[in-house]
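Thanks, everyone, for making the time this morning. I would like to take you through one model, starting with its metal site and then turning to a few individual residues.

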Amino acid sequence: MAFTLPPLPYPADALEAAIDKMTMEIHHGKHHKGYVDNLNAALEGQAALLAKPIDQLLREINSVPENIRQKVINNGGGHANHSMFWEIMSSQGGGEPSGTLAEAIKSTFGDVAAFKSKIKEAGLGRFGSGWAWLVLHNGKLQIVSTANQDSPYLNGQTPILGVDVWEHAYYLRYQNRRADYLEAWWKVVNWNEVAKRFASAQGGK
Ligand code: MN3
């Protein structure tokens, strides 16, 4: 068994409201594919590790031999992070969260606008490459950022929503304007998918 690149759940031009087609094609077909290929190469011959779902592989990172651990952190994280990223966006995205997710966001952060501004702050505050996240940790919602491709799973957190702030995610359209990208990104957020992840994270932990 090997890890595989999941197809984009929509055409590459579906997210034009926030992200251009060429960025999507390169980001998915080159960057994400590279993480998958490098993860499989690092785990060659490690049948037990290759059989784990990616989130479990990262949660149990200490079971990965030390000589390949950093490769699994980088490329396994890259695989997990991007697999989620594609799924939580949609051409039908945008608007506001609803239901129990909206209630939890409001009770944790005050209101949705405050939540969005904290995600933006986390994304802008990440120097260099990384991610801004909404995670569930010990039953509570939290905003965190990680460097490089570090996954929240490494820290025992479950990612509910995450936005890629590597330059490869936005440079063609936004150049150095990360803040503009982070604001436009909400137009394509698939809140239904985010809500599903919240429900399943609460059920599972
Ligand atoms: Mn990326």
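What follows is a short walk through selected places in the chain.

Please keep in mind throughout that this is a predicted model. Let me begin with the manganese ion, whose protein donors are H27 through NE2, H82 through NE2, D164 through OD and H168 through NE2, at distances of 1.9 to 2.1 Å from the ion. Written along the chain, these donors follow the spacing H-x54-H-x81-D-x3-H. H82 sits in helix α4, residues 66–87, whereas H168 sits in the loop between β3 and α7, and so this pair ties together parts that are 86 residues apart in sequence. Both H82 and H168 are buried.

Next, helix α1, which spans residues 21–42 and holds I26, and which also holds H28. For H28, a polar atom of the side chain lies 2.7 Å from the backbone oxygen of P6, and, if we leave aside neighbours within four places in sequence, H28 is in contact with L5, P6, P7, L8, K33 and W86.

Let me move on to two loop residues. S129 is found in the loop between α6, residues 112–125, and β1, residues 130–137, and at 25% relative accessibility S129 counts as partly exposed. Which residues does S129 touch, once those up to four places away in sequence are not counted? They are T146, A147, N148 and W166. In the case of W166, the C-alpha to C-alpha distance from S129 is 4.5 Å, although 37 residues separate the two in sequence.

The other loop residue is Q157, placed between β2, residues 140–147, and β3, residues 158–164. At 7% relative accessibility, Q157 counts as buried, since that value falls under 20%. Again leaving aside neighbours within four places in sequence, the contacts of Q157 are R59, V135, L136, H137, Q142, V144 and P152.

Methods. Residues numbered from 1 in each chain as written. Predicted model: local features only at pLDDT ≥ 70, side-chain atom pairs only at ≥ 80, totals over all residues. Heavy atoms only, no water. Helix = DSSP H or I, 4+ residues; strand = E, 2+ residues; numbered from the N terminus. Buried < 20%, exposed > 50% of the residue type's maximum accessible area, 1.4 Å probe, protein only. Contact = heavy atoms within 4.5 Å. Donors = N, O, S within 2.8 Å, 3.2 Å for Na, K, Ca; no water. Polar contact = N/O pair within 3.5 Å; in protein donor to acceptor, adjacent residues only side chain to side chain.
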